[in-house]
Amino acid sequence: MNVNEIFEELFDRYPDLSVCRDDIKKAYKLMRVCYENGGKVMICGNGGSAADSEHIAGELLKGFNLKRELSDADKSKFEDKSIADNLQYGLPAISLVSQTGLMTAFMNDVSPENVFAQQVYAYASNENDVLIALSTSGNSKNIVNAVITARAKGIKTVSITGMSGGKLNSLCDVTIKTPSDRTFVIQEYTLPVYHALCAMTEAYFFGK
């Protein structure tokens, strides 16, 4: 499937998400520009959204719908071809919830509310980097602070929230406000949204 087919299928399968159509398209374009210009995507969230952060990173770092096999030219750089045969092209992504040692040290020694902000400040190195901030309320303090830090570093921000958008709505370059105010429903909508974003980005870079 190409980018447009993936995009349209999302709304065929989840018609309620049609209210997010323009913002999903904008988020995809930010991700595409990010990777076209050597950037990376960072993701953060709490609880179920932390699991979603890991999920998004996994879909970007390896093949999702496509195999992303290495070219013969890149395979030739390996002395052991069996390694190259089992590698895939990846889109650089960092789940900020994964840094257990850093997180526990920073939360204990410095500031729990800035645990993601610290990582954004350290990792953001390309003006085309993108932070994806997940918060069902849009008001989680550590997520809000990460976005404020991303803005200070001059990188783009995308949030996925519930229908109000919370504080993130006015802070982010794009806020995808899923059509619910119930936490579990917002989380259920969040998954097809980021699956579509990952699939569209993959199709653009690796589709034939």
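Student: Of the 38 residues in the largest nonpolar core, which touch the most other members?

Tutor: In this predicted model, Ile 24, Leu 60 and Ile 176 touch the most other members of that 38-residue core. Two or more residues of this core come from each of α1 (3-13), α2, β1, α3, β3, β4 (156-161), β5 (174-177) and α10. Helix α10 gives the largest share, ten residues.

Student: What makes such a set of residues a nonpolar core?

Tutor: The residues must be buried and of nonpolar kinds such as Ala, Val, Leu or Ile, and they must be joined through side-chain atoms within 4.5 Å. In soluble globular proteins, nonpolar side chains tend to be buried together.

Student: Which residues is Leu 60 in contact with, leaving aside its neighbours within four places in sequence?

Tutor: Leu 60 is in contact with Met 31, Tyr 35, Val 41, Arg 68, Gly 90, Leu 91, Ala 93 and Cys 198. Leu 60 is also one of the buried residues of α3, together with Ser 49, Ala 50, Asp 52, Ser 53, Ile 56, Ala 57 and Glu 59. The buried residues of α3 pack against α2 (21-36), β1 (41-44), β2 (93-95), β3 (130-134) and α10 (183-206).

Student: How do you know that the span of helix α3 agrees with 1.5 Å a residue?

Tutor: Helix α3 runs over residues 48-61, which is 14 residues, and should span 20 Å.

Student: Why is Leu 131 called buried?

Tutor: The relative accessibility of Leu 131 is 0%, and buried means under 20%; Leu 131 therefore counts as buried. Leu 131 lies in strand β3. Not counting residues up to four places away in sequence, Leu 131 touches Met 42, Ile 43, Cys 44, Leu 96, Val 120, Ala 146, Val 147, Ala 150, Ile 155, Lys 156, Thr 157 and Val 158. Between Leu 131 and Ala 146 there are 15 places in sequence and 8.4 Å in space, C-alpha to C-alpha.

Student: How do you know that Glu 202 forms a salt bridge with Arg 68?

Tutor: The closest N and O atoms of Glu 202 and Arg 68 are 2.9 Å apart, and the cut-off for a salt bridge is 4 Å. The pair is therefore a salt bridge by this rule. It links distant parts of the chain: Glu 202 belongs to helix α10, Arg 68 to the loop between α3 and α4 (72-75), and they are 134 residues apart. Both Glu 202 and Arg 68 are buried. By the rule, the count of salt bridges comes to six.

Student: What makes Lys 77 exposed?

Tutor: Lys 77 has a relative accessible area of 65%, and exposed means over 50%; Lys 77 is therefore exposed. Lys 77 forms a salt bridge with Asp 74, with 3.0 Å between the closest N and O atoms.

Student: Why are Glu 36 and Arg 32 about one helical turn apart?

Tutor: They are four residues apart in helix α2, which means a separation of about one helical turn. An α-helix has 3.6 residues a turn, so residues three or four places apart point the same way. Glu 36 forms a salt bridge with Arg 32, the closest N and O atoms being 4.0 Å apart. Glu 36, at 39% relative accessibility, counts as partly exposed, and Arg 32, at 24%, is partly exposed as well.

Student: Why is the pair of Tyr 89 and Phe 206 called stacked?

Tutor: Their ring centres are 6.3 Å apart and their planes stand at 10°. Rings pair if their centres lie within 6.5 Å, and planes under 30 degrees apart count as stacked; the pair is therefore stacked. Tyr 89 is in the loop between α5 (81-84) and β2, and Phe 206 is in helix α10, 117 residues apart.

Student: What makes the pair of Tyr 204 and Phe 205 edge-to-face?

Tutor: Their planes stand at 85° and their centres are 4.9 Å apart. Planes over 60 degrees apart count as edge-to-face, so the pair of Tyr 204 and Phe 205 receives that name. Ring pairs link Tyr 35, Tyr 204 and Phe 205 into a cluster.

Student: How do you know that the charged end of Arg 32 sits over the ring of Tyr 204?

Tutor: The charged end of Arg 32 is 5.4 Å from the ring centre of Tyr 204, and the distance cut-off is 6 Å, together with a limit on the angle to the ring normal. Arg 32 is listed as sitting over this ring.

Note on methods:
Residues are numbered from 1 along each chain as its sequence is written. This is a predicted model: local features need pLDDT of at least 70, side-chain atom pairs count only at pLDDT 80 or more; totals for chains, interfaces and linings use all residues. Side-chain values use heavy atoms; hydrogens and water are left out. The expected span of a helix is 1.5 Å times one less than its number of residues. Buried means under 20% relative accessible area, exposed over 50%, partly exposed in between (1.4 Å probe, protein chains only). Contact means heavy atoms within 4.5 Å. A salt bridge is a side-chain nitrogen of Lys or Arg within 4 Å of a carboxyl oxygen of Asp or Glu. Rings of Phe, Tyr and Trp (its six-membered ring) pair if their centres lie within 6.5 Å; planes under 30 degrees apart count as stacked, over 60 as edge-to-face and the rest as tilted. A charge sits over a ring if NZ of Lys or CZ of Arg is within 6 Å of the ring centre and within 35 degrees of the ring normal.
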